[in-house]
Amino acid sequence: MSDLLYRLGRSAATRPWTAIGVWVVLALVVLASSAAFGRELEESFEAPGLDSHRASELLAKAHADEGGITAHVALEASDATTEVAPVEVALAELPRVLGTTSNVSPDGDIALVRVQYPAVEHLEKADLDNLKEAVAELSAESSLTLEAGGDLFFAFEEAPTGLGEVAGIVVAMIVLLIAFGSFVAMGLPIGMALFGLVVGVTSMKLVTYLIDIPAWAPELAAMVGLGVGIDYALFLVTRHRENLAQGMPVPEAVGRALATAGQAVLFAGGTVVVAILGLLVAGIPFVTGGGVAISAMVLVMVLASVTLLPALLGLAGHRINGRRRTPHRPSGGWYRWGAHVTRNATAYLVGGAVLMIALAAPVLALNLGFPDDGTKPESRTERRAYDLIAEGFGPGANGPLVIAVDVSQDAQIVTALGDAVAGDPGIASVGDPSIDLEAGVATIVAQPTTSPQDEATQRTVARLRNEVFPAVLDGTSATAHVGGQTATFADLGDRVQERMPRFVAAVLVLSFLLLTLLFRSVLVPLKAVLMNLLSVGAAYGVLVMVFQWGWVAGLIGVEQAVPIVSFIPLFMFAILFGLSMDYEVFLLSRVREEYRRHGDNTRAVIEGIAGTGRTITAAALIMVAVFSGFVLGSDPVVKMMGVGLATAILLDATVVRLMLVPATMKLLGDLNWWLPGWLDRLLPNLDPEAVTEPPASVNVEVPTQSRQGAL
């Protein structure tokens with residue numbers, strides 16, 4: 001493979017405009033096709049097989065209003081009973097509104113208007129805009145306090161974006177400028193990543209022809225794609241500049257950079273894709289769709305790194321070095337650090353492991369759920385509406401349970417079932433049942449006594465399914481299922497906990513096999529898997545401390561404790577495991593390259609740290625900056641991903657790569673590279689850092705560096 005990459009790199013550097021032209025044409029085709037034929041992204045969070053999904057199917061069969069989505073408008077007035085009527089009339093006249101209902105609180109100060117819409121696939125953002133405009137006009141024409149929220153906002157409200165991404169890119173530019181000392185060297189990774197970002201995000205409307213992509217996936221994919229794109233380019237540019245410093249011509253330097261670091265990029269990107277595609281095992285369609293979207297983005301970045309970037313490097317020539325004609329050589333500081341860690345390997349191994357385990361310990365208190373409007377900032381109308389509804393009608397009014405009953409064979413059971421539900425201690429009130437005899441479906445709307453995020457609400461849902469329903473329906477042909485947003489998110493949390501072990505096992509096995517193939521070792525992949533588990537566990541623990549326990553939550557705009565979004569652990573594990581493997585591959589590729597030269601394991605570890613420490617640190621700073629930028633947004637899902645990913649990458653690039661990895665490799669010695677003979681014969685020979693020798697006519701001057709005093 002290294003020879004193929006070498007020829008590809010030389011060809012792109014020699015004829016740069018050909019490669020650039022191909023990418024420009026590809027980008028234009030993708031942009032035009034997406035605009036002309038692209039499908040809309042999905043808003044659904046349902047998963048087949050869940051009880052809440054069966055409730056949705058029954059409601060859809062009956063064309064029940066509860067099968068669609070709702071919005072609600074809360075108003076506060078001294079005489080809400082009188083004031084609510086014109087508000088309800090105005091809202092009922094909005095396009096696509098199926099109907100409205102209203103209630104007034106017992107004290108008469110707060111009224112609630114529920115606005116029923118059809119299913120989300122029949123709606124668009126303009127419907128939310130129409131509702132907002134109507135509420136604004138009603139508020140301007142009177143002295144009423146009007147606030148709006150509900151499912152319609154959840155489906156179509158777009159959180160303010162742009163600031164965090166821009167901040168992350170600015171920090172990345174500063175880090176690259178410091179690392180390279182050249183505006184050209186800084187600009188190439190940024191430009192390539194942004195170009196790939198445009199192609200990747202735009203292509204998602206075309207990917208929907210293969211699999212449904214959730215609407216939130218592009219932002220998450222952009223977060224990951226931007227980070228890996230800049231990182232991969234950074235590693236390639238660094239190796240290219242090292243080759244130039246050895247006196248190689250530009251095409252030769254590009255070819256050899258691609259033959260070495262380029263192959264590491266391919267395997268690192270492949271590991272990320274494999275880890276993220278492990279989400280297929282979860283069996284949750286929207287999670288699978290999100291994983292495919294992120295994998296597609298990473299794939300675009302990998303392809304751009306090994307085809308577009310070499311062309312740009314060839315075009316830049318020696319300008320890549322700016323005024324500094326000779327790029328940095330392996331750092332004496334990093335060399336001394338590697339020597340220090342290897343001299344004190346046991347202490348660093350124990351200390352680093354204790355720190356990572358301590359950070360991971362809070363994961364035992366992990367509570368899965370989904371932040372509702374009550375967790376949004378008070379500056380948002382959804383939060384103010386939530387508070388008014390809870391004040392006037394009780395906390396459970398913000399998350400009603402929609403019970404769908406199949407009564408095709410026995411419609412008489414509905415009354416008894418409604419009475420039994422009302423008698424449950426977790427239920428505050430039950431509405432009059434609605435029966436569609438033609439469809440054979442009855443609908444009962446029940447209001448819990450507790451808020452949607454309260455664990456008591458989840459226990460109420462479980463009690464209805466496991467105790468209340470069987471007590472009434474056993475011996476009959478009727479079946480009942482609990483739906484609604486509250487039940488759906490509770491079910492998703494249960495599904496994630498059920499599928500997580502299977503998913504983790506699949507990712508671990510696939511990653512182990514890929515690294516075994518790459519490094520032709522058993523202990524190196526095993527160590528990498530264990531180290532990455534520590535990084536992921538620490539990230540989970542930090543999420544619990546920040547979002548559930550509220551530690552320093554105010555600093556990132558989280559006003560109260562919230563549960564961890566049910567599918568976040570799945571995505572974080574897949575993404576973090578893949579990204580952590582990036583640094584593992586780049587570091588160990590250099591260590592293995594040095595080990596094969598002289599056979600001294602300790603020296604190879606030190607030289608690997610010295611050769612990659614500065615680059616990996618810069619790459620990690622860029623990744624942390626990009627991920628931290630997303631923490632500035634208001635979307636809790638993206639905010640959690642930003643905190644978790646930034647924390648894990650920071651720990652992985654410092655505690656793991658600069659302490660635990662060199663310490664363990666020192667202690668294991670030559671056993672690092674042990675491979676059973678039978679397995680050695682079975683595996684194909686893929687050399688991750690094979691260096692294609694330059695033609696004999698090329699005079700290569702290899703710089704040397706004094707090691708005196710380092711050890």
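This is a predicted model: local features need pLDDT of at least 70, side-chain atom pairs count only at pLDDT 80 or more; totals for chains, interfaces and linings use all residues.

Analyst: A helix here is a DSSP run of H or I of at least four residues, and helices are numbered from the N terminus. By that definition, L28 lies in helix α2, which covers residues 16-37.

Consider the packing partner. Helix α2 packs against helix α8, which covers residues 183-207. The two axes are 8 Å apart, and the angle between them is about 35 degrees. The crossing of α2 past α8 is left-handed. On the side of α2, the contact is formed by W23, V24, A27, V30, L31, S33 and S34. Helix α8 contributes F195, V198, V199, T202, S203, K205 and L206. Sorted by class, the residues of this contact comprise nine nonpolar, four polar and one charged.

Now consider the surface. V24, L28, L31 and V198 make a nonpolar surface patch of about 330 Å². Helix α2 supplies the largest share of this patch, namely three residues. V24 and L31 of α2 and V198 of α8 belong to the contact between the two helices, and these residues are also listed in the patch. A patch residue must have over 30% relative accessible area, so L28, as a member of the patch, meets that cut-off.

For a second example of helix packing, one may turn to helix α18 (residues 523-548) and helix α21 (residues 636-668). Their axes come within 8 Å and cross at roughly 145 degrees, and this crossing is right-handed. The contact of α18 with α21 has 17 nonpolar, five polar and four charged residues.

Conventions: Residues are numbered from 1 along each chain as its sequence is written. Side-chain values use heavy atoms; hydrogens and water are left out. Axes are lines fitted to C-alpha atoms, for helices over the stretch in contact, and angles run from 0 to 180 degrees between N-to-C directions. A crossing is left-handed if the near helix is turned anticlockwise from the far one by less than a right angle, and right-handed if clockwise. Contact means heavy atoms within 4.5 Å. Ala, Val, Leu, Ile, Met, Phe, Trp, Tyr, Cys and Pro count as nonpolar, Asp, Glu, Lys and Arg as charged, and the others, Gly among them, as polar. Patches are made of residues with over 30% relative accessible area and no salt bridge: like charges are joined within 9 Å, nonpolar side chains (Val, Leu, Ile, Met, Phe, Trp, Tyr) within 5 Å. Accessible areas come from the Shrake-Rupley method with a 1.4 Å probe; for residues, only the protein chains shown count as cover. A salt bridge is a side-chain nitrogen of Lys or Arg within 4 Å of a carboxyl oxygen of Asp or Glu.
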